[in-house]
Amino acid sequence: MTNRVAIARVASGDVESAVREAVHLAGGFDQLIDSGSRVLIKPNQCKPSPRHCGCMTDGDVVEAVTKLVLERTPASVVIGDGAIAGYDFAGFSTQEAFDSSGVTEVAKRLGVELRNLNKDFFEEVRVPDALVMDTVRIARTALDSDVIISIPVLKTHIRTHATLALKNMKGVMPGAEKRKSHRLGLDMAIVDLCAVVRPHYAIIDATVGMEGLWQHPQDTKEMGLIVAGSDALYVDVVGAALMGIDPSQVMHFHYMADREGKSVALDGVDIVGERLEDHRQVFTTGFDVFRSRYPEVTIVQGESACSGCTNELVSAITYLKQAGYGEQMTGLTVVVGDAADSGAREKVVALGKCAAELPGASAYVPGCPPKEAEMVRTLAEVCGADPETVMATMAQARMKLWNASSDAIER
Ligand code: SF4
(Lines give C-alpha, C1' and ligand atoms only; values in the text may rest on other atoms or scores of the structure.)
Protein backbone atom coordinates (compact mmCIF):
# COMPACT_ATOMS: atom_id res chain seq x y z
CA MET A 1 0.00 0.00 0.00
CA THR A 2 1.21 3.47 -0.82
CA ASN A 3 -0.17 6.96 -0.30
CA ARG A 4 -0.38 7.49 -4.05
CA VAL A 5 -3.85 8.22 -5.43
CA ALA A 6 -4.48 8.78 -9.13
CA ILE A 7 -7.23 10.90 -10.66
CA ALA A 8 -8.03 10.28 -14.33
CA ARG A 9 -10.51 12.13 -16.50
CA VAL A 10 -13.05 10.29 -18.65
CA ALA A 11 -12.49 11.75 -22.12
CA SER A 12 -15.14 11.37 -24.85
CA GLY A 13 -17.09 8.88 -22.74
CA ASP A 14 -14.21 6.37 -22.76
CA VAL A 15 -14.53 4.95 -19.24
CA GLU A 16 -12.25 1.99 -19.86
CA SER A 17 -9.28 4.18 -20.85
CA ALA A 18 -9.80 6.33 -17.75
CA VAL A 19 -9.87 3.27 -15.46
CA ARG A 20 -6.73 1.90 -17.13
CA GLU A 21 -4.96 5.23 -16.76
CA ALA A 22 -5.93 5.67 -13.11
CA VAL A 23 -4.87 2.15 -12.14
CA HIS A 24 -1.64 2.47 -14.11
CA LEU A 25 -0.77 5.82 -12.49
CA ALA A 26 -1.57 4.44 -9.05
CA GLY A 27 0.87 1.55 -9.50
CA GLY A 28 -1.15 -1.12 -11.32
CA PHE A 29 -2.19 -4.63 -10.26
CA ASP A 30 1.14 -6.40 -10.95
CA GLN A 31 2.17 -6.57 -7.30
CA LEU A 32 -1.34 -7.35 -6.17
CA ILE A 33 -2.73 -10.12 -8.37
CA ASP A 34 -0.98 -13.28 -9.57
CA SER A 35 -2.09 -16.61 -10.98
CA GLY A 36 -2.96 -17.91 -7.51
CA SER A 37 -5.13 -14.95 -6.49
CA ARG A 38 -8.82 -15.31 -5.68
CA VAL A 39 -10.25 -11.87 -6.40
CA LEU A 40 -13.48 -10.28 -5.18
CA ILE A 41 -14.60 -7.20 -7.13
CA LYS A 42 -16.96 -5.32 -4.83
CA PRO A 43 -19.01 -2.57 -6.53
CA ASN A 44 -21.69 -0.56 -4.72
CA GLN A 45 -25.01 -2.11 -5.80
CA CYS A 46 -27.12 -0.63 -3.03
CA LYS A 47 -30.51 -0.46 -4.73
CA PRO A 48 -31.98 -0.76 -8.22
CA SER A 49 -31.57 2.63 -9.90
CA PRO A 50 -31.30 4.03 -13.41
CA ARG A 51 -27.83 3.93 -14.93
CA HIS A 52 -25.62 6.99 -14.75
CA CYS A 53 -27.60 8.60 -11.93
CA GLY A 54 -24.75 8.27 -9.41
CA CYS A 55 -26.49 5.90 -7.02
CA MET A 56 -24.62 2.68 -7.89
CA THR A 57 -21.25 1.80 -9.39
CA ASP A 58 -21.93 1.64 -13.11
CA GLY A 59 -21.44 -1.45 -15.26
CA ASP A 60 -18.94 0.37 -17.50
CA VAL A 61 -16.57 0.91 -14.56
CA VAL A 62 -17.06 -2.64 -13.27
CA GLU A 63 -16.34 -3.95 -16.76
CA ALA A 64 -13.10 -1.98 -17.11
CA VAL A 65 -11.86 -3.09 -13.68
CA THR A 66 -12.82 -6.72 -14.31
CA LYS A 67 -10.93 -6.74 -17.63
CA LEU A 68 -7.82 -5.41 -15.90
CA VAL A 69 -8.12 -8.11 -13.24
CA LEU A 70 -8.63 -10.87 -15.84
CA GLU A 71 -5.48 -9.74 -17.68
CA ARG A 72 -3.54 -10.90 -14.59
CA THR A 73 -5.06 -14.42 -15.12
CA PRO A 74 -5.96 -14.94 -11.45
CA ALA A 75 -7.21 -18.25 -10.04
CA SER A 76 -10.77 -16.93 -9.66
CA VAL A 77 -12.79 -13.73 -9.98
CA VAL A 78 -16.19 -12.99 -8.43
CA ILE A 79 -18.19 -9.78 -8.71
CA GLY A 80 -20.29 -9.56 -5.55
CA ASP A 81 -22.43 -7.29 -3.40
CA GLY A 82 -25.57 -7.34 -1.27
CA ALA A 83 -28.23 -4.61 -1.58
CA ILE A 84 -28.87 -1.96 1.05
CA ALA A 85 -29.67 -2.96 4.66
CA GLY A 86 -29.55 -6.61 3.55
CA TYR A 87 -33.13 -7.04 2.46
CA ASP A 88 -33.72 -8.63 -0.88
CA PHE A 89 -37.33 -8.25 -1.90
CA ALA A 90 -38.95 -7.48 -5.25
CA GLY A 91 -38.24 -3.90 -6.30
CA PHE A 92 -35.18 -3.65 -4.05
CA SER A 93 -33.26 -6.86 -4.63
CA THR A 94 -29.56 -7.27 -5.29
CA GLN A 95 -30.33 -9.03 -8.57
CA GLU A 96 -32.40 -6.06 -9.76
CA ALA A 97 -29.56 -3.76 -8.70
CA PHE A 98 -27.10 -5.86 -10.74
CA ASP A 99 -29.49 -5.76 -13.70
CA SER A 100 -30.15 -2.03 -13.62
CA SER A 101 -26.49 -1.01 -13.22
CA GLY A 102 -25.49 -3.13 -16.21
CA VAL A 103 -23.35 -5.44 -14.05
CA THR A 104 -25.34 -8.59 -14.91
CA GLU A 105 -24.53 -8.06 -18.59
CA VAL A 106 -20.87 -7.37 -17.79
CA ALA A 107 -20.52 -10.61 -15.84
CA LYS A 108 -22.13 -12.56 -18.69
CA ARG A 109 -19.99 -10.90 -21.32
CA LEU A 110 -16.74 -11.53 -19.45
CA GLY A 111 -17.67 -15.00 -18.15
CA VAL A 112 -17.26 -13.96 -14.50
CA GLU A 113 -19.41 -15.21 -11.64
CA LEU A 114 -21.85 -12.71 -10.16
CA ARG A 115 -22.77 -13.34 -6.52
CA ASN A 116 -25.56 -11.91 -4.36
CA LEU A 117 -23.73 -11.58 -1.03
CA ASN A 118 -27.03 -11.16 0.86
CA LYS A 119 -27.57 -14.84 0.07
CA ASP A 120 -24.00 -16.00 0.76
CA PHE A 121 -22.86 -18.20 3.66
CA PHE A 122 -21.71 -16.11 6.60
CA GLU A 123 -19.05 -16.71 9.21
CA GLU A 124 -18.61 -14.96 12.55
CA VAL A 125 -15.13 -13.48 12.84
CA ARG A 126 -13.43 -11.87 15.85
CA VAL A 127 -12.42 -8.23 15.28
CA PRO A 128 -8.90 -7.46 16.53
CA ASP A 129 -8.80 -4.38 18.83
CA ALA A 130 -12.49 -3.76 18.20
CA LEU A 131 -13.95 -0.28 18.65
CA VAL A 132 -17.62 -1.35 18.85
CA MET A 133 -18.05 -4.78 17.23
CA ASP A 134 -16.17 -7.58 18.99
CA THR A 135 -17.26 -9.99 16.30
CA VAL A 136 -18.71 -9.49 12.87
CA ARG A 137 -20.46 -11.85 10.45
CA ILE A 138 -18.91 -11.75 7.00
CA ALA A 139 -19.81 -13.35 3.66
CA ARG A 140 -17.64 -16.40 2.97
CA THR A 141 -16.89 -15.03 -0.48
CA ALA A 142 -15.04 -12.09 1.07
CA LEU A 143 -13.22 -14.23 3.63
CA ASP A 144 -12.12 -16.66 0.92
CA SER A 145 -10.68 -13.89 -1.26
CA ASP A 146 -6.98 -12.99 -1.30
CA VAL A 147 -7.66 -9.69 -3.04
CA ILE A 148 -10.67 -7.39 -2.53
CA ILE A 149 -11.11 -4.46 -4.90
CA SER A 150 -13.67 -1.97 -3.59
CA ILE A 151 -15.37 0.07 -6.33
CA PRO A 152 -17.71 2.57 -4.70
CA VAL A 153 -19.50 5.42 -6.41
CA LEU A 154 -18.84 9.01 -5.34
CA LYS A 155 -21.66 9.86 -2.91
CA THR A 156 -22.52 11.78 0.21
CA HIS A 157 -24.20 9.98 3.10
CA ILE A 158 -26.75 11.28 5.54
CA ARG A 159 -24.88 9.86 8.56
CA THR A 160 -21.22 9.52 7.60
CA HIS A 161 -20.96 12.53 5.20
CA ALA A 162 -19.19 10.42 2.57
CA THR A 163 -19.79 6.82 1.49
CA LEU A 164 -16.76 5.55 -0.42
CA ALA A 165 -14.40 2.54 -0.59
CA LEU A 166 -14.18 1.75 3.14
CA LYS A 167 -17.90 2.07 3.81
CA ASN A 168 -18.63 0.13 0.62
CA MET A 169 -17.38 -2.99 2.45
CA LYS A 170 -20.67 -3.07 4.39
CA GLY A 171 -22.04 -5.03 1.44
CA VAL A 172 -20.22 -8.17 2.67
CA MET A 173 -22.26 -8.30 5.91
CA PRO A 174 -25.72 -9.87 6.28
CA GLY A 175 -28.71 -7.56 6.84
CA ALA A 176 -28.91 -7.98 10.61
CA GLU A 177 -25.23 -7.15 10.93
CA LYS A 178 -25.58 -4.09 8.69
CA ARG A 179 -28.34 -2.79 10.94
CA LYS A 180 -26.34 -3.63 14.06
CA SER A 181 -23.46 -1.55 12.71
CA HIS A 182 -25.79 1.46 12.58
CA ARG A 183 -26.98 0.89 16.13
CA LEU A 184 -23.46 0.55 17.54
CA GLY A 185 -22.12 3.61 15.76
CA LEU A 186 -21.65 3.44 12.02
CA ASP A 187 -18.27 5.15 11.67
CA MET A 188 -16.58 2.95 14.28
CA ALA A 189 -18.31 -0.16 12.94
CA ILE A 190 -16.91 0.54 9.44
CA VAL A 191 -13.40 0.54 10.91
CA ASP A 192 -14.06 -2.71 12.78
CA LEU A 193 -15.39 -4.27 9.59
CA CYS A 194 -12.34 -3.14 7.64
CA ALA A 195 -10.07 -4.61 10.33
CA VAL A 196 -11.32 -7.97 9.02
CA VAL A 197 -11.93 -7.26 5.32
CA ARG A 198 -9.90 -4.19 4.42
CA PRO A 199 -9.97 -3.65 0.65
CA HIS A 200 -6.60 -4.21 -1.04
CA TYR A 201 -7.32 -1.67 -3.75
CA ALA A 202 -9.93 1.04 -4.27
CA ILE A 203 -11.28 2.54 -7.47
CA ILE A 204 -13.98 5.20 -7.19
CA ASP A 205 -16.54 5.46 -9.95
CA ALA A 206 -16.62 9.25 -10.02
CA THR A 207 -18.04 9.38 -13.53
CA VAL A 208 -21.33 10.56 -12.00
CA GLY A 209 -21.75 11.20 -8.29
CA MET A 210 -24.69 11.79 -6.01
CA GLU A 211 -25.35 14.33 -3.28
CA GLY A 212 -28.09 15.11 -0.83
CA LEU A 213 -30.93 12.64 -0.66
CA TRP A 214 -29.87 10.39 -3.55
CA GLN A 215 -32.87 11.39 -5.62
CA HIS A 216 -32.60 11.21 -9.35
CA PRO A 217 -32.20 13.47 -11.28
CA GLN A 218 -31.97 16.42 -8.87
CA ASP A 219 -29.14 15.01 -6.72
CA THR A 220 -27.01 13.64 -9.58
CA LYS A 221 -23.59 15.32 -10.07
CA GLU A 222 -21.62 14.94 -13.29
CA MET A 223 -17.90 14.52 -12.51
CA GLY A 224 -16.28 12.53 -15.35
CA LEU A 225 -13.51 11.05 -13.19
CA ILE A 226 -11.98 7.81 -11.97
CA VAL A 227 -9.96 7.78 -8.74
CA ALA A 228 -7.68 4.83 -7.86
CA GLY A 229 -5.09 3.75 -5.33
CA SER A 230 -3.86 0.84 -3.28
CA ASP A 231 -4.79 2.37 0.08
CA ALA A 232 -8.55 2.75 0.37
CA LEU A 233 -8.19 5.31 3.18
CA TYR A 234 -6.22 7.73 1.01
CA VAL A 235 -8.47 7.09 -1.99
CA ASP A 236 -11.47 7.96 0.21
CA VAL A 237 -9.76 11.10 1.49
CA VAL A 238 -9.34 12.29 -2.10
CA GLY A 239 -12.91 11.23 -2.98
CA ALA A 240 -14.31 13.27 -0.08
CA ALA A 241 -12.22 16.29 -1.08
CA LEU A 242 -13.58 16.04 -4.65
CA MET A 243 -17.08 16.41 -3.17
CA GLY A 244 -15.98 19.51 -1.23
CA ILE A 245 -16.15 17.58 2.06
CA ASP A 246 -13.38 18.23 4.57
CA PRO A 247 -11.89 14.71 5.09
CA SER A 248 -11.31 15.55 8.75
CA GLN A 249 -15.12 15.70 9.19
CA VAL A 250 -15.53 12.04 8.20
CA MET A 251 -15.15 10.14 11.44
CA HIS A 252 -14.38 6.68 10.05
CA PHE A 253 -11.41 8.20 8.18
CA HIS A 254 -10.15 9.47 11.54
CA TYR A 255 -10.64 6.17 13.36
CA MET A 256 -8.97 4.25 10.54
CA ALA A 257 -6.04 6.69 10.39
CA ASP A 258 -5.58 6.47 14.18
CA ARG A 259 -5.59 2.69 14.04
CA GLU A 260 -3.00 2.63 11.27
CA GLY A 261 -0.83 5.56 12.40
CA LYS A 262 -1.78 7.67 9.37
CA SER A 263 -3.21 11.12 8.77
CA VAL A 264 -6.36 12.20 6.94
CA ALA A 265 -4.72 15.44 5.79
CA LEU A 266 -4.81 15.89 2.03
CA ASP A 267 -1.22 17.07 1.93
CA GLY A 268 -0.18 13.60 3.13
CA VAL A 269 -1.53 12.08 -0.09
CA ASP A 270 0.57 11.83 -3.24
CA ILE A 271 -2.03 12.81 -5.86
CA VAL A 272 -1.04 12.03 -9.45
CA GLY A 273 -2.81 12.59 -12.78
CA GLU A 274 -5.48 15.29 -12.82
CA ARG A 275 -5.25 18.13 -10.29
CA LEU A 276 -7.84 17.79 -7.55
CA GLU A 277 -8.42 21.56 -7.48
CA ASP A 278 -9.51 21.49 -11.14
CA HIS A 279 -12.36 19.08 -10.40
CA ARG A 280 -13.49 19.79 -6.85
CA GLN A 281 -17.24 20.43 -6.57
CA VAL A 282 -19.48 21.21 -3.63
CA PHE A 283 -21.87 18.35 -2.87
CA THR A 284 -24.65 19.24 -0.43
CA THR A 285 -25.35 16.93 2.49
CA GLY A 286 -28.52 14.91 2.87
CA PHE A 287 -29.93 17.07 5.61
CA ASP A 288 -29.11 20.34 3.86
CA VAL A 289 -31.07 19.16 0.86
CA PHE A 290 -33.87 17.71 2.95
CA ARG A 291 -34.39 20.92 4.90
CA SER A 292 -34.48 23.06 1.78
CA ARG A 293 -36.70 20.68 -0.18
CA TYR A 294 -39.09 19.69 2.62
CA PRO A 295 -39.08 22.51 5.20
CA GLU A 296 -42.52 21.38 6.40
CA VAL A 297 -41.22 18.05 7.76
CA THR A 298 -38.90 17.38 10.70
CA ILE A 299 -36.89 14.18 10.92
CA VAL A 300 -35.52 13.27 14.33
CA GLN A 301 -32.73 10.69 14.25
CA GLY A 302 -31.74 8.61 17.26
CA GLU A 303 -28.27 7.07 17.55
CA SER A 304 -29.41 3.78 15.99
CA ALA A 305 -31.01 5.36 12.89
CA CYS A 306 -29.83 3.68 9.71
CA SER A 307 -30.35 3.94 5.98
CA GLY A 308 -32.83 1.01 6.14
CA CYS A 309 -35.39 3.52 7.49
CA THR A 310 -34.05 6.87 6.28
CA ASN A 311 -33.85 5.96 2.58
CA GLU A 312 -37.39 4.64 2.51
CA LEU A 313 -38.62 7.62 4.46
CA VAL A 314 -37.16 10.09 2.00
CA SER A 315 -38.90 8.24 -0.85
CA ALA A 316 -42.21 8.15 1.03
CA ILE A 317 -42.11 11.89 1.73
CA THR A 318 -41.20 12.60 -1.88
CA TYR A 319 -44.22 10.63 -3.12
CA LEU A 320 -46.53 12.37 -0.66
CA LYS A 321 -45.41 15.71 -2.04
CA GLN A 322 -45.59 14.53 -5.65
CA ALA A 323 -49.15 13.38 -4.99
CA GLY A 324 -50.06 16.98 -4.08
CA TYR A 325 -50.04 16.70 -0.28
CA GLY A 326 -47.17 19.10 0.43
CA GLU A 327 -49.38 21.37 2.54
CA GLN A 328 -50.81 18.52 4.59
CA MET A 329 -47.28 17.49 5.56
CA THR A 330 -46.75 20.75 7.44
CA GLY A 331 -45.88 19.98 11.06
CA LEU A 332 -45.15 16.30 10.40
CA THR A 333 -42.39 14.87 12.60
CA VAL A 334 -40.89 11.47 11.84
CA VAL A 335 -38.64 9.70 14.33
CA VAL A 336 -36.06 7.19 13.12
CA GLY A 337 -33.88 5.22 15.52
CA ASP A 338 -33.93 5.16 19.32
CA ALA A 339 -34.56 8.86 20.07
CA ALA A 340 -35.81 9.58 23.61
CA ASP A 341 -38.31 12.23 22.51
CA SER A 342 -39.63 13.66 19.26
CA GLY A 343 -39.85 17.23 20.55
CA ALA A 344 -43.36 17.47 19.02
CA ARG A 345 -46.83 16.70 20.34
CA GLU A 346 -48.87 15.97 17.23
CA LYS A 347 -48.43 14.38 13.81
CA VAL A 348 -45.54 12.29 15.17
CA VAL A 349 -44.73 9.05 13.34
CA ALA A 350 -42.37 6.54 14.99
CA LEU A 351 -40.61 4.54 12.31
CA GLY A 352 -39.29 1.00 12.69
CA LYS A 353 -38.45 -1.32 15.56
CA CYS A 354 -35.87 1.10 17.02
CA ALA A 355 -38.54 3.76 17.61
CA ALA A 356 -41.17 1.33 19.00
CA GLU A 357 -40.92 2.76 22.54
CA LEU A 358 -41.16 6.43 21.52
CA PRO A 359 -43.51 8.24 23.93
CA GLY A 360 -46.42 10.23 22.50
CA ALA A 361 -46.29 8.97 18.90
CA SER A 362 -49.47 9.46 16.84
CA ALA A 363 -48.65 6.37 14.78
CA TYR A 364 -46.06 3.62 14.64
CA VAL A 365 -44.80 1.70 11.60
CA PRO A 366 -43.37 -1.67 12.72
CA GLY A 367 -40.54 -3.59 11.05
CA CYS A 368 -36.80 -3.47 10.63
CA PRO A 369 -36.83 -1.93 8.16
CA PRO A 370 -40.55 -1.14 7.90
CA LYS A 371 -42.32 -2.14 4.72
CA GLU A 372 -42.39 0.77 2.30
CA ALA A 373 -46.12 0.47 1.52
CA GLU A 374 -46.98 0.47 5.22
CA MET A 375 -44.81 3.53 5.79
CA VAL A 376 -46.41 5.42 2.89
CA ARG A 377 -49.92 4.57 4.07
CA THR A 378 -49.22 5.57 7.69
CA LEU A 379 -47.61 8.88 6.75
CA ALA A 380 -50.53 9.61 4.42
CA GLU A 381 -53.09 8.81 7.12
CA VAL A 382 -51.36 10.94 9.76
CA CYS A 383 -51.25 13.85 7.29
CA GLY A 384 -54.89 13.41 6.28
CA ALA A 385 -53.91 12.44 2.72
CA ASP A 386 -55.49 9.69 0.63
CA PRO A 387 -53.13 6.68 0.88
CA GLU A 388 -54.37 5.20 -2.43
CA THR A 389 -53.50 8.39 -4.33
CA VAL A 390 -49.99 8.37 -2.85
CA MET A 391 -49.53 4.67 -3.64
CA ALA A 392 -50.61 5.26 -7.24
CA THR A 393 -48.16 8.18 -7.55
CA MET A 394 -45.40 5.94 -6.20
CA ALA A 395 -46.22 3.14 -8.67
CA GLN A 396 -46.16 5.58 -11.60
CA ALA A 397 -42.83 7.10 -10.50
CA ARG A 398 -41.32 3.61 -10.14
CA MET A 399 -42.49 2.63 -13.58
CA LYS A 400 -40.86 5.75 -15.05
CA LEU A 401 -37.57 4.94 -13.29
CA TRP A 402 -37.59 1.36 -14.52
CA ASN A 403 -38.30 2.43 -18.07
CA ALA A 404 -35.41 4.91 -17.89
CA SER A 405 -33.19 2.15 -16.55
CA SER A 406 -34.17 -0.35 -19.26
CA ASP A 407 -33.59 2.28 -21.95
CA ALA A 408 -30.11 2.94 -20.61
CA ILE A 409 -29.29 -0.78 -20.57
CA GLU A 410 -30.44 -1.16 -24.17
CA ARG A 411 -28.37 1.84 -25.24
S1 SF4 B 1 -35.71 -0.10 12.68
FE2 SF4 B 1 -34.99 1.20 11.02
S3 SF4 B 1 -33.41 2.47 11.95
FE4 SF4 B 1 -33.73 0.72 13.31
S5 SF4 B 1 -32.17 -0.78 12.62
FE6 SF4 B 1 -34.11 -1.25 11.60
S7 SF4 B 1 -33.93 -0.23 9.62
FE8 SF4 B 1 -32.38 0.72 10.97
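Lys-155 has its bridge partner in strand β10, and that partner is Met-210. What we are looking at is a predicted model, in which local features need pLDDT of at least 70 and side-chain atom pairs count only at pLDDT 80 or more, while totals for chains, interfaces and linings use all residues. Residues are numbered from 1 along each chain as its sequence is written.

Strand β8, residues 153-157, pairs with β10 in the parallel sense over two bridges, and two strands count as paired if DSSP finds at least two bridges between them. Strand β7, residues 147-151, is also joined to β10 by two bridges and runs parallel to it, with Ser-150 partnered by Ala-202. Strand β11, residues 220-229, runs antiparallel to β10 and is joined to it by eight bridges, one of the pairs being Asp-205 with Ile-226.

Is β10, then, mostly covered or mostly open? Residues 201-210 make up this strand, and 10 of its 10 residues are buried, meaning that 20 or more other C-beta atoms, placed from the backbone, lie within 10 Å of the residue's own.

Let me turn to another sheet, an open one of four strands, in the order β13-β14-β15-β16 with parallel pairing. Because β13 (297-301) and β16 (363-365) each have a single partner strand, they stand at the edges, with one side left without a neighbour in the sheet. Strand β15, residues 348-351, is joined to β16 by three bridges, and Leu-351 stands opposite Val-365 in β16.

Terms used:
A residue is buried if 20 or more other C-beta atoms lie within 10 Å of its own, exposed if 12 or fewer, and partly exposed in between; C-beta atoms are placed from the backbone.
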